[in-house]
Each structure stands twice: as structure tokens, then as C-alpha cells.
Amino acid sequence: MRAQTVDVKESTGRTLCSTIFHAGGRKLLAKGHVMNEHDIQLLEAEGLRNVWVTELEEGEVGEDAAVSQASAEMGCGCLEIRLAAGGRANLFATEDCCVLVDQELLNQINYVSTLVIATSLNFSFARTGQRIATVKSTPFVVAQSRLEVIMHVLKEQGPILQARPVRDPYVAVLYSDPVQGEHARQLFEHFIRQRLERFSVISSFELSTIEEEDAVARSLHHLLRAKPTVVLVASTTAPAGPGDVIGRAMTRIGCHMERFLAPVEPGNLLLLGYYDEVPIVSAPGCFRSTKLNVVDLILPPTLARYRISASEVAALGHGGLLG
């Protein structure tokens with residue numbers, strides 16, 4: 001990059017090295033702005049005759065071009081890219097969605113340091129219009145060779161980020177208690193409703209049952225016939241693992257038991273299984289209040305119909321201390 005002072009009339013297409021202010025202190029043009037004919041007229045009207053600009057040399061790419069290329073490859077799903085001043089591109093959700101992030105690939109790109117990318121947390125819920133990532137370049141120029149390395153990695157291994165839309169999810173809830181299922185409903189229904197409202201969702205199907213293996217299995221089968229997006233099991237008892245009543249009932253109807261125990265507090269006793277592609281989530285104690293817990297971490301991806309793996313549950317330990 002070569003910086004030089006040039007006549008305003010000769011600055012078209014060149015990049016400003018510094019911000020230009022009006023005599024009264026108001027900003028006219030920002031550092032990094034690429035000059036055009038309108039800008040020249042503006043500066044001449046302000047009495048400016050010379051400006052300090054940069055000029056790209058061979059093997060260099062302008063900051064705006066660099067972030068435009070990288071942002072176009074780094075994300076997918078329901079998002080849009082908006083360029084901002086100073087070599088920055090912001091990614092915004094165009095629908096309510098769950099943000100999925102490839103942490104290893106994000107680290108790999110950020111290690112290069114020519115471009116840096118910041119994202120929302122993996123599995124986080126984002127509302128329409130919310131910024132979910134930003135890409136920032138080194139000032140003014142990027143070495144073309146480094147940008148090519150980044151683009152190659154993104155094309156081969158990307159995307160880093162997916163905005164997976166949450167569209168018309170159907171949530172089923174099974175309330176269970178060893179004596180009377182309605183007791184569990186009375187305890188938990190209000191809190192479950194409030195929790196789901198955080199994601200602009202309501203429960204579509206609800207049942208109450210005595211916590212016995214046969215009864216729980218029948219109730220789960222009944223709920224699953226409605227083809228819900230996710231089934232939440234709100235039990236008044238804590239499981240001892242897949243061998244407890246809830247776990248045995250899930251196994252009995254043909255569930256694949258994905259994971260028991262989560263490195264999250266509150267919410268260690270998470271039991272996650274799948275009936276075909278429908279997740280069934282048991283998290284005793286997590287429905288007794290609206291306090292942030294493991295259910296809040298796994299609801300966004302399940303509502304977006306993303307299949308959470310055992311390894312992804314295990315990865316929740318970093319940041320899993322919620323309170």
C-alpha cells in the first residue's frame with residue numbers, strides 16, 4: 001500500500017487514509033472510504049484542495065473487497081450481508097433462527113489474523129434482524145496471498161456459521177408424576193410456557209401421565225403420532241439414567257438414547273433420545289423455574305430441527321456453568 005497526498009480532483013477510486021471533518025467538527029467522510037465524484041464535489045465545496053489517500057499495489061486487495069469475499073463464503077442459511085465502513089461486513093438473521101458455529105474452523109481462520117470473525121454463540125437463538133456475525137479486515141489492504149489461503153479453507157471446509165431457521169415448530173410436552181400426572185402439570189406448565197415464549201413458541205400438544213413405564217410409553221407414542229418438532233418430558237422425579245422409568249419407556253418405544261448427563265449446571269441430568277428424527281428431552285428440575293439451564297441451550301437447535309449429537313452435548317461444558 002502506498003500513501004500519498006493528491007489533488008482532490010485526482011482522488012476518484014482511491015481510499016482515504018484518514019477521516020475528514022467539517023470545520024465545525026461534523027464528520028464528512030470516514031477513513032477507508034473510497035472516493036467518488038460526489039465526494040470530490042463535497043470536499044471542493046468545503047474548500048479542500050488535497051486529500052491523503054492510499055493506492056493498492058500489486059498483490060494487495062482492498063479491505064472492503066476482502067471482507068465481501070470472506071463473508072460470502074463463511075455463512076449460509078437465513079442471513080444477509082451488509083458492508084459497513086472501515087473494512088467490515090456484518091451478517092444479520094433474516095428469520096428467527098438457531099446459530100450454528102464450527103468453532104474449530106472459526107479458530108483456524110482467526111489464527112491467520114488477516115481477517116477476524118466474531119460470531120454469536122453456537123446453538124444461540126437469534127431473532128429476525130439480529131446481527132449474528134461480523135468480519136473485520138486489517139486497515140485498508142489485505143495481502144492477496146493470505147486472502148487466497150482463507151478463501152481456500154472456507155471453500156473446502158466451510159461454512160463457519162449457519163443461520164438455521166426456526167419455522168413453525170410443534171412442541172409436545174409430557175408431564176409425569178409417580179402419583180398423579182396433573183400434579184406435574186400444575187407445577188411446571190406456567191414455567192414451560194414462559195420458557196418457550198423466549199423463542200416465540202407455544203406448546204402445541206400436552207399430556208399428563210402417571211410415571212410408570214407402560215403409561216409413559218403409551219403417552220409418548222400418542223404425542224409422537226402428532227409428529228412434533230421436539231418432545232419435552234417434565235417429570236417431578238430425577239432419573240438415575242436411561243434405566244429409570246422415563247429412560248425405559250423411551251427405549252421401549254424404540255428411541256435411540258443419544259446422551260445422558262450434560263456438562264451444564266443447572267441441568268446435569270439431561271437425558272436426550274431420538275425417535276426417528278424427533279428429539280425427546282428429559283431434564284428433571286429444569287422445568288421448576290425459568291432460571292437459565294440446559295434446556296435453554298438445546299431448545300434453539302431442536303426447534304430448528306437440527307439433530308444434536310452426543311459429542312455436541314459434551315462440548316457444552318465450556319460456558320456450561322450457567323449459575
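**A first look**

In this predicted model, residues 24 or more positions apart account for 69% of the protein chain's contacts with a separation of 6 or more. The chain has 9 helices and 21 strands, and 45% of its 323 residues are buried.

**Overall shape**

- The radius of gyration of the protein chain is 27 Å, whereas a compact globule of 323 residues would have one near 20 Å.
- Along the principal axes, the C-alpha atoms fill a box of roughly 85 × 40 × 35 Å.

**Nonpolar cores**

- In soluble globular proteins, nonpolar side chains tend to be buried together.
- Here, the largest nonpolar core holds 35 residues, and Val171, Ile192, Leu270, Phe287, Val294 and Leu303 have the most contacts inside it.
- Elements giving two or more residues to this core include strand 16 (171-177), helix 5 (181-197) and helix 8 (294-303).
- Helix 8 provides the largest share of this core, with 5 residues.
- Beyond its neighbours within four places in sequence, valine 294 is in contact with residues including Val264, Leu270, Cys286 and Leu322.
- A second, separate core has 31 residues, among them Ala66, Leu79, Cys97 and Leu115.

**A pair of helices**

- Helix 3 (residues 103-112) packs with helix 4 (residues 144-157) at an angle of about 175°, and their axes are 10 Å apart.
- Angles over 145 degrees count as roughly antiparallel, so helix 3 and helix 4 are roughly antiparallel to each other.
- Leu105, Gln108, Ile109 and Val112 of helix 3 meet Arg146, Ile150, Val153, Leu154 and Gln157 of helix 4 in this contact.
- By class, the contact of helix 3 with helix 4 has 6 nonpolar, 2 polar and 1 charged residues.

Note on methods:
Residues numbered from 1 in each chain as written. Predicted model: local features only at pLDDT ≥ 70, side-chain atom pairs only at ≥ 80, totals over all residues. Heavy atoms only, no water. Core = buried A, V, L, I, M, F, W, Y, C linked by side-chain atoms within 4.5 Å. Buried < 20%, exposed > 50% of the residue type's maximum accessible area, 1.4 Å probe, protein only. Helix = DSSP H or I, 4+ residues; strand = E, 2+ residues; numbered from the N terminus. Contact = heavy atoms within 4.5 Å. Axes fitted to C-alpha atoms, helices over the stretch in contact; angles between N-to-C directions. Parallel < 35°, antiparallel > 145°, perpendicular 65-115°, else oblique. Nonpolar A, V, L, I, M, F, W, Y, C, P; charged D, E, K, R; others polar. Rg over C-alpha atoms; globule rule 2.2 N^0.38 Å.
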